Amino acid sequence: MSIIEDIQKKALTEGKIKAETQDSFKIVSVRPTPQLSALIEVLSFLDGKSPSDFIHSNFGEALSDFTLESKEHIEPLKRSLASYKKKYKDRDFKEGSAFAILDRKCMK
């Protein structure tokens, strides 16, 4: 099972309970199985990166794509991104992070 499949499974399981308000959010902690950890180590080695760099370089794009699969997420996401930018004008999202990619895709 891939990281994305693990996230989708966990998100779908926990996502069955709808948010009570538009501004609600849920933090999902994902811990890879031992087999998945071994796979990440091998793939990161082949890619010449540390496991955390490997995940960072691939995870942001996958997470942003997964988030944008549901049209219901786009408007609340746009509001959240706009609110963040208004509140923290001098801070940018880390390049390559899911938020930076979502910002680029949503705030055109």
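Student: Leaving aside its neighbours within four places in sequence, which residues is Ile101 in contact with?

Tutor: In this predicted model, Ile101 touches Gly60, Glu61, Ser64 and Gly96 once neighbours within four places in sequence are set aside. The residue itself belongs to helix H5. Ile101 and Glu61 are 40 residues apart in sequence, and their C-alpha atoms are 6.6 Å apart in space.

Student: Why is Ile101 called buried?

Tutor: The term applies to a relative accessible area under 20%. Ile101 has a relative accessible area of 6%, and therefore it counts as buried.

Student: Which other residues of H5 are buried, and what covers them?

Tutor: Besides Ile101, the buried residues of H5 are Ala98, Ala100, Leu102, Asp103 and Cys106. The cover over the buried residues of H5 includes H3 and H4.

Student: Where does Ser97 lie, and what makes it buried?

Tutor: Ser97 is found in the loop between helix H4 (74–87) and H5. Its relative accessible area is 16%, which is under the cut-off of 20%, so Ser97 is buried. Residues up to four places away in sequence not being counted, Ser97 touches His56 and Gly60.

Student: How are two packed helices described?

Tutor: Two values are used: the angle between the axes and the distance between them. For helix H3 (residues 51–68) and helix H5 (residues 98–106), the angle is about 50° and the axes are 8 Å apart.

Student: Which residues make the contact of H3 with H5?

Tutor: H3 contributes Gly60, Glu61, Leu63, Ser64, Asp65, Thr67 and Leu68, and H5 contributes Ala98, Ile101, Leu102, Arg104, Lys105 and Cys106. Sorted by class, this contact has six nonpolar, three polar and four charged residues.

Student: What makes H2 roughly perpendicular to H3?

Tutor: H2 and H3 pack at an angle of about 85°, and their axes are 8 Å apart. The range from 65 to 115 degrees counts as roughly perpendicular, so the angle of about 85° places H2 roughly perpendicular to H3. In the contact, Ile40, Glu41, Leu43, Ser44 and Asp47 of H2 meet Pro51, Phe54 and Ile55 of H3. By class, the contact of H2 with H3 has five nonpolar, one polar and two charged residues.

Student: How many helices and strands are there in the protein chain?

Tutor: The protein chain has five helices and zero strands, and its elements run α-α-α-α-α from the N terminus on. The share of its 108 residues that count as buried is 18%. Among contacts in the protein chain with a separation of 6 or more, 56% are between residues 24 or more positions apart.

Student: What is the mean pLDDT of the protein chain, and which elements have the lowest and the highest mean pLDDT?

Tutor: The mean pLDDT of the protein chain is 79, with 83% of its residues at 70 or more. Among the elements, helix H1 (residues 3–15) has the lowest mean, 70, and helix H2 (residues 34–47) has the highest, 92.

Note on methods: Residues are numbered from 1 along each chain as its sequence is written. This is a predicted model: local features need pLDDT of at least 70, side-chain atom pairs count only at pLDDT 80 or more; totals for chains, interfaces and linings use all residues. Side-chain values use heavy atoms; hydrogens and water are left out. pLDDT is the predictor's confidence in each residue, from 0 to 100. Helices (H or I, at least four residues) and strands (E, at least two) are DSSP runs, numbered from the N terminus. Axes are lines fitted to C-alpha atoms, for helices over the stretch in contact, and angles run from 0 to 180 degrees between N-to-C directions. Contact means heavy atoms within 4.5 Å. Ala, Val, Leu, Ile, Met, Phe, Trp, Tyr, Cys and Pro count as nonpolar, Asp, Glu, Lys and Arg as charged, and the others, Gly among them, as polar. Buried means under 20% relative accessible area, exposed over 50%, partly exposed in between (1.4 Å probe, protein chains only). Angles under 35 degrees count as roughly parallel, over 145 as roughly antiparallel, 65 to 115 as roughly perpendicular and the rest as oblique.
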